[in-house]
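Please look over the sequence and the model, then read the points below.

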Amino acid sequence: MRLNAGFNAKPAAVGRRSTMLKNHRTFQTMFAGRELIVETGKTSELANGSCWVRYGETVVMANVTMSAKPREGVDFFPLSVDYEEKLYAVGKIPGSFLKRESRPSERAILTSRVIDRPIRPLFPKDMRNDVSVVATVLATDVDNSPEVVAMTAVAIAISISDIPWNGPVASVSVGLVDGKFVLNPNIEERAKSDLDLTVASSGEKIVMIEAGANEVDDKTMLDAIMTGHEELKHIIDFINEIKAEVGKPKIEFESMEVPTELFDAIKEMAIDRVKEALDTDDKTVRDERLLPIIGDIHAKFDELYPEQIPVIDECIYKLQKYVVRRWLLDEQKRVDGRGMDEIRPLAAEVGLLPRVHGSGLFTRGQTQVLSIATLGPVSDEQRLDGIDENTFKRYMHNYNFPSYSVGETKPSRGPGRREIGHGALAERALVPVLPSEEEFPYAIRVVSEVLSSNGSTSQGSICGSTLALMDAGVPIKAPVAGISCGLITEGDRFMTMVDIQGLEDFFGDMDFKVGGTHKGITAIQVDIKIDGLTPEIIAEAFEKTRKARLYILDEIMLKALHKPREEVSKYAPKMLQTVIPIDKIRDVIGTGGKVIQKICAEYDVKIDINEDGHVFILGVEMANAKSALAVVETIAKDPEIGAIYKGKVTRILNFGAFVEIAPGKEGLVHISKLDFHRVEKVQDVVNEGDEVVVKVVEIDDQGRINLSRKDAIAELQAKNKK
């Protein structure tokens, strides 16, 4: 480790300080082949811990603070994690009316969750002081992900602070390019990678996994995770060196540990009744059974311990946790009577709703998700105003979790971080199997409505959404199913169980969510409540979720609908596409959009034109879309002698009729070319506004087009006879 005076200063001798700031230190190391620079003691001196981390031209500032004492009545650990994207970091001015950052982007929310998950379990379980973590992106380049830098910066800030924490942890991104693992891939490597994996670990264990993948097999995924872990061991050592150099002594805090005497008294009074209440697979019945037990406990102990009523609630929670964990570890018993590798009853249905473009209902026990797919023009894709290179999103997945799904009465306040996170997980699982824009030129939106929740709704939304996409006629490459695996640990003992319901998730140590196809994994998200996972636990979770995933696909989902429908719904817009020369785009659009607006109005279609010449024509009626496509191609292509067009008569003269074969392009049909017999008067054959078929018979030196109606009719009649 080397110390110097600042980002731009020359290396100084070890132990040298900046002459300007007495506490300023700079630390450097190599991370995945690139230099990582950490500065402490330079800014934010009132925060409990602060640092700047630079990786390439990406700079992230992390600040962490803690309240002096707990708020009254708080019975949980109040940790908040915010990842802030500043558009000045990439030289952008916000596009909103206010011209300032307001609500965090979806990507920022997801990154906040990714940072939260590995650090939260390492805080003391009995601490109730508010802790705020803020990671601010000050500058970023496309090759060095600010998300990975932010995780490292947060770990350093907490480690050197006086806040109690059992860290450090660090994070790395792992790609898979041409069959080889790449650590912290640059933008070019990310574009070619079959894997987008983020791993966080301590020196000994894996503490967080987040992944999207192009059907990567279990062994390759496990190898990628462990490859990332090996690199992180070096970064953990680096953080520990910084902590030893500038870290503050950890402060004492007011412990909210449940008193053993009180817990034992409540346990003796109520354990048998709690066991009886929990021994059911029906969440509603379980909750009803628990209410009188909770009431009796408070009636007895509130008077004895009037100052510790929140602690009594904590004891009741701890007692339920004790019962469930003892069942699982000692008796191999689950609350609903299932085996450890047994999935709850499953059901799947498609085509439930009229008029929508596609729908799927997936049920697993008391968890039920309805997903609805909607198709639109490519121009309906979501515009992203963030600091990364992604500016549009063609596939959008929204997840809604209403209060009635868990039998509660809370009013809806819009999507929170949980809803955004679950929607993004389902989206990530399905993106690898979607057809390309060239194959299927639609924007796609899926909405997953959670109708009932008793664990693993995010995985249910993956299954339901696969069915909805297939029902909508989206030619996905393979169906995707999702399943979760739980964990109970005690010392060196551990056991896993597949398809955890809410109680097992609530009182367990892990929610290991995996989405994938027959071929491999497309998404992973792991929530951990302990200090980390060993390779053995991860490998066992992969194997159990793989078997369960294949069962769900083969026995449930593919029996509901074995492949995508051949055509999109009759209510879905019909899409046609073509490519025109770039220099013809102006002709198709016309002055002030006059030409394209005329086509859209006449044929009741919507037309999108990309800068590269790709044209997308969308209409509810396929016949109208085909007619509009013909007009666009006619405008974009110079008329050829012998070509036949369907046009409209625009003017009548004594010697013939002018016919517009495309907006801005018209030719003359001489009176002698109107019909097979002699025509005395043009109006005897055609009038203004009539649609006629014509054939190009001549284009003179001045570009004037001569047309023939009778030659077109003769050629078409000859083709019909054949």
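D223 and K219 both sit in helix α4 (residues 218-246), four residues apart, or about one turn of the helix. Their side chains form a salt bridge, with the closest N and O atoms 2.9 Å apart. A salt bridge here is a side-chain nitrogen of Lys or Arg within 4 Å of a carboxyl oxygen of Asp or Glu. This is a predicted model: local features need pLDDT of at least 70, side-chain atom pairs count only at pLDDT 80 or more, and totals for chains, interfaces and linings use all residues. Residues are numbered from 1 along each chain as its sequence is written, and side-chain values use heavy atoms, leaving out hydrogens and water.

**Salt bridges**

- Side chains of opposite charge can pair when their charged atoms come close.
- By the rule above, the count comes to 51 salt bridges.
- Buried means under 20% relative accessible area, exposed over 50%, and partly exposed in between (1.4 Å probe, protein chains only).
- E504 forms a salt bridge with R334, the closest N and O atoms being 2.8 Å apart.
- That pair links distant parts of the chain: E504 is in helix α10 (residues 502-507), R334 is in the loop between α7 and β12, and 170 residues separate them.
- E504 is buried, at 3% relative accessible area, and R334 is buried, at 1%.
- D499 and R338 also meet in a salt bridge, at 3.4 Å from N to O.
- This pair too links distant parts of the chain, 161 residues apart: D499 is in the loop between β20 (493-498) and α10, and R338 is in the loop between α7 and β12.
- D499 counts as buried at 0% relative accessibility, and R338 is buried at 6%.
- A network of salt bridges links R334, D336, R338, R344, R364, D499 and E504.

- Helices (H or I, at least four residues) and strands (E, at least two) are DSSP runs, numbered from the N terminus.
- Helix α7 (residues 309-331) has 23 residues and reaches 32 Å from its first C-alpha to its last.
- That is close to the 33 Å expected at 1.5 Å a residue, where the expected span is 1.5 Å times one less than the number of residues.
- Q332 follows α7 and has a positive phi, near 55°.
- P354 lies in the loop between β12 (346-350) and β13 (358-364).
- P354 is exposed, with a relative accessible area of 66%.
- P354 and S569 are 215 residues apart in sequence and 9.9 Å apart in space, C-alpha to C-alpha.

**The barrel**

- Five strands close into a barrel in the order β26-β27-β28-β30-β29, with mixed pairing.
- Two strands pair if DSSP finds at least two bridges between them.
- Strands β27 (residues 656-662) and β28 (residues 665-670) run antiparallel and are joined by six bridges.
- A662 stands opposite K665 in β28.
- Helix α14 (residues 622-636) packs on the sheet and touches β26 (644-653), β27 and β28; contact means heavy atoms within 4.5 Å.

**The UniProt record**

- An unreviewed UniProt entry lists residues 642-710 as "domain: S1 motif".
- UniProt positions follow the numbering used here, feature names are shortened, and annotations may be inferred rather than shown by experiment.
- Over residues 642-710 the chain is 3% helix and 52% strand, and the end C-alpha atoms are 13 Å apart.

Technical notes:
Axes are lines fitted to C-alpha atoms, for helices over the stretch in contact, and angles run from 0 to 180 degrees between N-to-C directions.
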